[in-house]
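Open the model in your viewer and keep the sequence beside it. The tour goes from one selection to the next.

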Amino acid sequence: MGRRRRRRKVVRRVVRRLPTIFECPSCGAQAVRIEMKREEGIAIVQCGSCGLSDTIKITPLSEPVDVYGEFIDRYYATIESE
Ligand SMILES: [Zn+2]
């Protein structure tokens, strides 16, 4: 008879969803939403406060935070060229 281990520690894995609300580079509000449209290979980025929006191409490995980074880069590239 082996030892029975009845008490198993239940390790609950909390799946942390990455935040999909980011700070807007234009108005500074924490209102930028990123919608990942993986089937289409794009992400829609939109600020719920000032309406700033962009469409970013994504790869299957892209995460919202990557999209946000690209969005920021594009935003600053745009304002610098104006
Ligand atoms: Zn904004």
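Leaving aside its neighbours within four places in sequence, which residues is isoleucine 34 in contact with? Select isoleucine 34 and look for Thr20, Phe22, Ala43, Val45, Pro64, Val67 and Tyr68. Two residues count as in contact if their C-beta atoms, placed from the backbone, lie within 7 Å.

Before going on, note how to read the model. Residues are numbered from 1 along each chain as its sequence is written. The model is predicted: local features need pLDDT of at least 70 and side-chain atom pairs count only at pLDDT 80 or more, while totals for chains, interfaces and linings use all residues.

**The whole chain**

Colour the chain by secondary structure. Helices (H or I, at least four residues) and strands (E, at least two) are DSSP runs, numbered from the N terminus.

**The sheet**

Select the strands. The four form an open sheet in the order S1-S2-S3-S4, with antiparallel pairing; two strands pair if DSSP finds at least two bridges between them. At the edges are S1 (21-23) and S4 (53-57), each of which pairs on one side only. On average, neighbouring strands of the sheet are turned by 30° against each other, direction ignored. Such angles run from 0 to 180 degrees between N-to-C directions, and the axes are lines fitted to C-alpha atoms, for helices over the stretch in contact.

Now select S1 and S2. Three bridges join these antiparallel strands, and phenylalanine 22 stands opposite valine 32 in S2. The two strands form a hairpin with six residues between them; find glycine 28 in the turn, with a positive phi of about 80°.

Move on to S2 (residues 30-37) and S3 (residues 42-47), which pair in the antiparallel sense over six bridges. Here arginine 33 has glutamine 46 in S3 as its bridge partner, and isoleucine 34 stands opposite valine 45 in S3. This hairpin has four residues between the strands, and glycine 41 in it takes a positive phi near 70°.

**The helix**

Select H1 (residues 64-81). The helix packs on the sheet, touching S1, S2, S3 and S4, and its direction makes about 120° with that of S4. H1 has 18 residues and reaches 26 Å from its first C-alpha to its last, close to the 26 Å expected at 1.5 Å a residue; the expected span is 1.5 Å times one less than the number of residues.

Which residues of H1 are buried? Show Pro64, Val67, Tyr68 and Phe71. A residue is buried if 20 or more other C-beta atoms lie within 10 Å of its own, exposed if 12 or fewer, and partly exposed in between, with C-beta atoms placed from the backbone. Turn the view to look down the axis of H1: its buried residues fall within an arc of 100°, so they line one face of the helix. The arc is that of the directions from the helix axis to the C-beta atoms. On the face turned away from the buried side are the exposed residues Asp73, Tyr76, Ala77, Glu80 and Ser81.

**The core**

Last, select the largest nonpolar core, twelve residues in all, among them Phe22, Val32, Ile34, Val45 and Phe71. A nonpolar core is a set of buried Ala, Val, Leu, Ile, Met, Phe, Trp, Tyr and Cys residues joined through C-beta atoms within 7 Å. S2, S3 and H1 each supply at least two residues of this core.
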